[in-house]
Amino acid sequence: MGARGLADSYGGYRTQLVNELQAKGIRDLAVLKAVAHVPRHLFVPESVRHRAYQDAALPIGAGQTISQPWVQARSLELARLTGRERVLEVGTGSGYQTALLAECADQVFSVERIPALSQAARNVLQQLGYRNLSLMTGDGTLGWRPYAPYDAIIVAAASPEIPKPLVEQLSPGGRLILPLGTRDSQTMVLVTRDPNGDGTRVEPVSDVRFVPLIGQFGFAGGASS
Ligand code: SAH
């Protein structure tokens with residue numbers, strides 16, 4: 001996949017981040033390998049590049065943030081990817097998690113509501129050579145129906161409810177990971193669609209803080225920041 005053979009001077013920092021994530025309980029080797037491989041510093045503005053390999057959220061412009069690596073690694077782990085899945089991401093943002101997903105799954109579809117962020121993410125992801133992902137600008141609470149169903153859906157912004165279209169677009173046995181709660185505090189939940197029916201199981205995972213999911217099945221709109 002992409003980002004192969006990319007020689008850069010940040011490899012040591014990436015290894016440190018991988019060690020830190022392992023120490024914080026991340027076990028999925030494919031996820032750790034992806035973190036070791038994807039150059040996170042290329043997805044953040046130059047002003048915060050020196051902090052790119054800290055386990056912290058960072059501003060990416062338009063009032064949005066690239067999530068904390070631990071949160072992203074945990075979401076990926078919960079998605080239980082083997083490399084064969086079709087995955088939907090809601091909230092492309094910087095495109096960093098899109099790259100991690102592209103390393104761990106077969107096909108990645110990612111929706112972002114702010115056109116400038118989607119375009120910037122597209123540039124970096126193209127530069128890194130990823131060919132197994134598609135980006136779209138729009139309201140990701142509606143999913144991306146033409147390519148459904150998805151084996152896993154990761155929502156990178158906080159929602160007051162579980163968007164119904166996303167549950168509908170999960171394949172049987174599929175996993176939906178999203179931060180659920182108010183604008184200020186949320187719990188990351190794992191929603192698993194029943195393998196033989198329409199039911200779902202919802203399990204809380206951890207307390208998190210994300211920017212709001214703004215859309216028809218998320219929070220009401222307003223400014224794009
Ligand atoms: N995974 C991203 C995190 C970005 S923050 C990264 O690695 O950088 C969450 C993103 O969700 C923001 O860019 C925000 O604009 C976007 N977002 C919020 N509501 C959305 C919606 N309804 N559809 C698509 N994207 C949305």
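A: We may begin with the salt bridges. The model is a predicted one, and a search of the whole structure finds eight salt bridges.

Q: Which residue forms a salt bridge with K24, and how far apart are the closest N and O atoms?

A: A salt bridge pairs a side-chain nitrogen of Lys or Arg with a carboxyl oxygen of Asp or Glu within 4 Å. Here K24 pairs with E20, and their closest N and O atoms are 3.0 Å apart. K24 is partly exposed at a relative accessible area of 41%, and E20 is partly exposed at 31%.

Q: Which parts does the salt bridge between E168 and R145 tie together?

A: The N to O distance in the salt bridge of E168 and R145 is 3.3 Å. E168 belongs to helix α6 (residues 164-168), whereas R145 sits in the loop between β5 (133-137) and β6 (150-155), so the pair ties together parts 23 residues apart in sequence. E168 is partly exposed, with a relative accessible area of 41%; R145 is also partly exposed, at 48%.

Q: Is T92 buried or exposed?

A: Residues under 20% relative accessible area count as buried. T92 has a relative accessible area of 3%, and is therefore buried. T92 lies in the loop between β3 (86-90) and α4 (96-104). Leaving aside residues up to four places away in sequence, T92 touches T98, S110, V111, E112, A121 and L135.

How values were computed
Residues are numbered from 1 along each chain as its sequence is written. This is a predicted model: local features need pLDDT of at least 70, side-chain atom pairs count only at pLDDT 80 or more; totals for chains, interfaces and linings use all residues. Side-chain values use heavy atoms; hydrogens and water are left out. Helices (H or I, at least four residues) and strands (E, at least two) are DSSP runs, numbered from the N terminus. Buried means under 20% relative accessible area, exposed over 50%, partly exposed in between (1.4 Å probe, protein chains only). Contact means heavy atoms within 4.5 Å.
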